[in-house]
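Subject: Structure handover

Hello,

The structure you asked about is below, with notes on what was found in it. Please read them alongside the coordinates.

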Amino acid sequence: MPSPCRWSSIGIYLMLLLDCYWDAVSGQLSYSVSEEVHPGTAVGNIAKDLNINVKDLESRMFQIVTGSKRNFFEVNLKTGVLYVNERIDREELCAEETKCTVSVEAVINNPLKLHRIEVDILDVNDNPPLFTAKLQNLYIAESTLPGAKFALSEASDADVGENGVNTYKLSQNEHFSLAVHKAEESVSAELVLQKALDREKQPVINLTLTAVDGGSPPKSGTSQLVIIVLDINDNLPIFSKTLYKTQIPENTPSGTTVITLSATDADEGLNSEIVYSLRSKDQDRILDIFEIESQTGTITVKGNIDFEERKAYEIRVEASDKGQPPMSAHCKVLVEVVDLNDNAPEITVTSLLNTVKEDAAVATAIALVSVLDKDGGKNGVVQAVIANNVPFNLETNYKNYYSLVVNGRLDRENMAQYNVTIVATDGGTPALSSTTIVTVHVSDVNDNAPRFTEPVINVYVKENNPVGVIIKTVSAVDADSDQNGQVSYSFIDSNSNSVPLSTMVNINSETGDIISLQSFNYEELKTFQFKVQATDSGVPPLSSNVTVNVFILDENDNSPGILAPYSDHGSVNSENIPYSAEAGYFVAKIRAVDADSGYNALLSYHISEPKGNNLFRIGTSTGEIRTKRRMSDNDLKTHPVLVLVSDNGEPSLSATVSIDVVVVESTGDIQTQFRHVPVKEENFSDLNLYLLISIVSVSVIFLLSFISLIAVKCHRTDSSFSRYSAPMITTHPDGSWSYSKSTQQYDVCFSSDTLKSDLVVFPASFPPVDAELVSINEGDTFNRTQTLPTKEKFVNDGDSEE
């Protein structure tokens, strides 16, 4: 753990940085920590410095985001302290850089905020100075004058600043001293001859060179110097400059000339011939990059030059003559590497959300996007944009950091996944770019209610249907997915039904099958209505309704019933007619009704027995029995007549009635409990006139009443039955009418030439509006069928026939 003094220095440093940069960069903090501290060492209380409540760190998803694979720092979400997460080696991170900074981003949501944190890695004196050459051989002529200087190999220290090489020391001797030169960032030493050498006395001198750094406590490294005293070659080569400077673009091909050096030697002969070489000491990397032509001093490119790897090279060149012993001089060549736009931007995406809801608000952050370019200058200036048309946008946080946010309405039903194409382009010439695709998955919300294909469903069920059968399957479609799209069905009961809905039908909540719970009887229930509700499984659930109209269709399940005064088959009824009766004489009228409706209730009358008897005929639609001819002496006195009454259903049902017609001699012998029928006179009597006026009056009153009844009934009829609203009147040749409208049909039957004419009205089912009522029996047929307008105007078309 850092000492109290270290914490104090960190605090003062933090306050100074905040004071200097807070106005310039909002949300930026600076800390410092020494390298090689133990993992878990506290760097600073980031929650306190950012003025964030510690309790909100976890709920607001506070996290540290780095642009590299290594995560040097983490935050304790319980205390808000930024601590070291793994070992930090400044020399590994920053090499020879004087200042070493690790930049991370602190991200906190709800609302989204980003804070840039720069942590300065402070150097500690953990590396001693090292000489690459543990043994240095120096050849010095004995004629060398005191004051001559000889270059020595420099020690290198991985540490920087005060912890780097600070000075050199030389072991005690009588001939040499050490001259230490301190430049801005380097310290070098030269061996200075203090006393003339005498090879005969001491041909070899062994010295120890010690390099000491400025750390506390200081560390040191040594190199052994072997001074070999040579005989005279007393002039050194001299370079035209001690320091050469030049520039070269990166990626320069091998063999390209960098610079040509020049050195001269005042000696003559071999002692003046100069050989150039690159010093092998401490220049292993240099020797891989550059080479020099030994005779001309031309330095050429040998290896790959990369600005991103190294921005400048310092080459040490040695010029030696060919004298014995040879003498040499040294110079430095500073090669500055010029950057080229040879690196495309690198895009890094850090996802904040795995999926985004389709109802996500505009500006909702989805991911963090960072763009880095290793090039420098304008080649490293990068602009990122979204290339395709998607409802997302890149918002700039600072420098090359962006937030990918929602910029429009999302609809999973139209697009469940977006591939966002991000293109980053630098400012070089020509510009380089890179592309990455971010896949955004849109999750479903329950924003679509189930929908039926039609607003009203009509179901037609025959009466006497079996119980438990499926009469209709309703289906609704929900555009949502998973549970939001799972639909269940239920009834909404209608108070308009006379019978509880739960006793009539049931619905399968999963499949929508509507099942009958009873066998329907058209004569008791002709139609009922209810609503089906489709509800999804979302939260909150959404639903929609559909109206279901159930129409019960009539079946021919009721036989005709004979009305009084005649009974059904099994008993004999009798009627008397005079012997003098003319053809067409009224004998009797059979009345019958059928509980069914429509064609199932359309009755026809026929005489079944006796066969071959042509004395009587019956109106097929009126049931009136009349004589076909006058009586003859050969006719029987008693005529049994069997009348068959049949409906028009499929199959047809019937009933019979038996009447004995007795022929009497005079009209005085005719007795009937119903009505006296006078003999038809040749002249039109006053009684017939009054009777005709009465019949016409009664007919007019009946028609007016009937029209009023139909108007009231049409006004009350639900609109869903409007397609059956056209009424129908059929005129029969025997003077009767058949009337049908909506769900009821009325047959009106009367005769205009007899006192026994009467009126029968019976209900019928609703046929389609374009249907015709037709009954065919022998020669007695209907004349025409008329469809009336919806305003209920009746048309009496045709005269009655006797």
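This is a predicted model: local features need pLDDT of at least 70, side-chain atom pairs count only at pLDDT 80 or more; totals for chains, interfaces and linings use all residues.

Residues are numbered from 1 along each chain as its sequence is written, and side-chain values use heavy atoms, with hydrogens and water left out.

Salt bridges (a side-chain nitrogen of Lys or Arg within 4 Å of a carboxyl oxygen of Asp or Glu) come to 20. One of them pairs Glu 105 with Arg 116, at 3.6 Å between the closest N and O atoms. Glu 105 is in strand E6 and Arg 116 in strand E7, so the bridge ties together parts 11 residues apart in sequence. Strands (E, at least two residues) are DSSP runs, numbered from the N terminus. Glu 105 is buried at 4% relative accessible area, and Arg 116 is buried at 10%; buried means under 20%, with a 1.4 Å probe and protein chains only.

Arg 412 and Asp 444 form another salt bridge, at 3.0 Å, and both residues are buried.

A cavity is a set of points on a 1 Å grid over the protein atoms alone where a 1.4 Å probe fits but cannot get out; lining residues have an atom within 4 Å of a point. The second largest cavity holds about 110 Å³, and Glu 105 is among the lining residues closest to its centre. Strand E26 gives the most to this lining, with three residues.

Regards

How values were computed: On a 1 Å grid over the protein atoms alone, a cavity is a set of points where a 1.4 Å probe fits but cannot get out, and a pocket is an open set with protein on both sides within 12 Å along at least five of seven lines; lining residues have an atom within 4 Å of a point. Grid points are joined across faces, edges and corners, and a volume is the space filled by probe spheres set on the points. Helices (H or I, at least four residues) and strands (E, at least two) are DSSP runs, numbered from the N terminus. Buried means under 20% relative accessible area, exposed over 50%, partly exposed in between (1.4 Å probe, protein chains only).
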